[in-house]
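Please keep the structure open while reading.

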Amino acid sequence: MVVGLGSGAASGLAVQYLGTRLRRGSLTGIVGIPSSVICASEAEKAGIKVGSHEEGAQIDFAFADADVIEEGTLAAVIGRGKTESGQPSFIQEKGIVESADKVAFIIDNDKYVNGIEGSIPVLVKSGNWIDTAEEIDDLFLGDAEVWRRPSIGTAGPSGGDFPLVTKEGHHILDVIFTTPIQDLGKVAEDLEKIVGVVDHGIICNTMPYAVIASKGEVQVLDRKSSVIPNT
């Protein structure tokens, strides 16, 4: 199998587990497609053969940490974590996830919610970022604030004197929702219509599994079983 390897704490544990199974001989023939430089290093240390997404191999299965998942649809948000200037954005991980035949998002129980709030990271072209930010601000007026992510220092509307520039040469806008989002897929659709938007951290065009960890229990859900019973 060709396996897309996500980034994050839970994905790191999954990479270690794959490596253990390979060393024991209970798994063979695994090629990992890492979503970041750190992930590639962890995979190699674990003894996983590493390939490249650019090589075009069909990915059979991918897993990734999600920042939050929308209850019911299992649409996910990634990319809220810190990105260093000069480093790839979340766009690589999103590309791996969306091209995989099967996907599993790994989250804590409190990140599986109905009515998502907080940041939706949006990758924008750097040349006209102000116009793009203003259009996004108008679109979600009263529901969200738009801040340009800084490379150092405190975040704010302009990103300060040191705005983050990704390896692809883009800025990241954090569209911070203070009003719960009723339909994450609609937000994605609206963002994609705006000139200057390159991509965003919403993944809603897959049929994923959600691996949800709570104290003493792990649940695996798909869209048919996407409501966790009250306990």
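Contact means heavy atoms within 4.5 Å. This is a predicted model: local features need pLDDT of at least 70, side-chain atom pairs count only at pLDDT 80 or more, and totals for chains, interfaces and linings use all residues. Residues are numbered from 1 along each chain as its sequence is written, and side-chain values use heavy atoms, with hydrogens and water left out.

**Glu-93**

Glu-93 sits in helix α3 (residues 91-99). Helices are DSSP runs of H or I, at least four residues, and strands are runs of E, at least two, numbered from the N terminus. Glu-93 is buried but has no salt bridge. Buried means under 20% relative accessible area, and exposed over 50% (1.4 Å probe, protein chains only). A salt bridge needs a side-chain nitrogen of Lys or Arg within 4 Å of a carboxyl oxygen of Asp or Glu.

Leaving out residues up to four places away in sequence, Glu-93 touches Gly-6, Ser-7, Ser-35, Ala-64, Asp-65 and Ile-78.

**Helix α1**

Buried residues of α1 are Ser-11, Gly-12, Val-15, Leu-18, Gly-19 and Leu-22. Viewed down the axis of α1, they fall within an arc of 115 degrees, so they line one face of the helix. The arc is taken from the directions from the helix axis to the C-beta atoms. These buried residues pack against β1 (2-5), α2 (37-46), β4 (61-65) and β7 (102-108). On the other side, Ala-9, Leu-13 and Arg-24 are exposed. Gly-25 follows α1, with a positive phi near 85 degrees.

Conventions:
Lys and Arg count as positive and Asp and Glu as negative; His and the chain ends are not counted.
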